[in-house]
Amino acid sequence: MERINTAQAKAAVLTEALPYIQDFKGSVVLIKLGGSVMEVEENLDSIMDDVAFLNAVGIKVVIVHGGGKAISKAIKMSGHEPKFVEGLRVTDAETMEIVRKTLNNVVNPDIVQRLCNRGANAKPLHGNWLFGARKIAEPDRGYVGEVCEVTTRAVVEMLDAHIIPVVTPLGTGVDDKHLYNINADYAAAALAKALKVRKFVLVSDVPGLLKDPEDPTTLLSTLHLGDVETLKGDGTITGGMLPKIESCCDAIREGVKKVHLVDGRMAHSLLLEIFTRQGVGTEITE
């Protein structure tokens, strides 16, 4: 009897999710994976399970991933110390090569393989084929660029073929053809805007935007665009949270319907975000 009750409870959960599955089927959801959350095997496995499920029920998923922890580790192994200015990595020529190799040869193939192991058809798509970039002049961080062009053809073709594109945050200089390191939050937001996605979800290792970073109970479940400057001024939005919030706000202004910050340490946070009314984390709204 206990086995039957357990099976019935699982069936009830699926039935509850059915309206959301029907609503989102065929929609494009862009998921940005932070490098930090990918460092914990259990967290990454849960996220990959969720992505494979979304793909199986007909939701078109695009992944843009960072690799911050892995890149910083590789830089340290080369005998250097990672440097950041206003939340963005300083990238000289030597560091740029480390970034490229780590993203293209380590982080990206690992995500692709994990999805394929779960029966999802995922393939790599290096961002320098998608993103045209220009150097960020002030402050000078070396080969760090901002997106000025997005070519979506390859992504759309892959989605139409039921393939999950797994995208690296690299860009090709529109003026000098140099390879540029692009903050993954900004790259993901640029692609979300260009694709006009149904939902843009940033998965990281925090519950969302916290009024007090040391206190999870201070989570802001909703953030309005009009409050962002105030929260920057009082120090609530700072460091690595700056590019996240700025990219979210930019996406909302450009017509992306839903933008959320989600905690990748929470089991099945993506499914909770998409298939429940309450959702999780912080929702960015006008």
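1. Salt bridges come to 21 in this predicted model. One of them joins Asp45 and Arg118, whose closest N and O atoms are 3.1 Å apart. Asp45 belongs to helix α2 (residues 41-56) and Arg118 to the loop between α4 (93-117) and β5 (122-125), so this pair ties together parts 73 residues apart in sequence. Asp45 is partly exposed, at 26% relative accessibility, and Arg118 is partly exposed at 28%.

2. Asp45 and Arg118 also belong to a network of salt bridges that includes Glu41, Asp49, Asp110 and Arg114.

3. A salt bridge within one helix is formed by Arg100 and Glu97, at 2.6 Å from N to O. The two residues are three apart in α4, which means that about one helical turn separates them. Arg100 has 26% relative accessibility and counts as partly exposed; Glu97, at 34%, is partly exposed too.

4. Arg134 and Asp175 meet in a salt bridge of 2.9 Å, N to O. This pair links distant parts of the chain, 41 residues apart: Arg134 is in strand β6 (residues 131-135), and Asp175 is in the loop between β9 (170-173) and β10 (179-181). Arg134 is partly exposed at 39% relative accessibility, whereas Asp175 is exposed at 58%.

5. On the chain as a whole, the secondary structure consists of nine helices and 14 strands. The radius of gyration is 19 Å, which agrees with the value near 19 Å for a compact globule of 286 residues. Of these 286 residues, 48% are buried. Among contacts between residues at least 6 apart in sequence, 74% join residues at least 24 apart.

6. The chain carries 32 positive and 38 negative charges, and their mean positions lie 5 Å apart.

Technical notes. Residues are numbered from 1 along each chain as its sequence is written. This is a predicted model: local features need pLDDT of at least 70, side-chain atom pairs count only at pLDDT 80 or more; totals for chains, interfaces and linings use all residues. Side-chain values use heavy atoms; hydrogens and water are left out. Helices (H or I, at least four residues) and strands (E, at least two) are DSSP runs, numbered from the N terminus. The radius of gyration is taken over C-alpha atoms; the globule rule is 2.2 Å times the number of residues to the power 0.38. Buried means under 20% relative accessible area, exposed over 50%, partly exposed in between (1.4 Å probe, protein chains only). Contact means heavy atoms within 4.5 Å. Lys and Arg count as positive and Asp and Glu as negative; His and the chain ends are not counted. The place of a charge is taken as NZ of Lys, CZ of Arg, CG of Asp or CD of Glu. A salt bridge is a side-chain nitrogen of Lys or Arg within 4 Å of a carboxyl oxygen of Asp or Glu.
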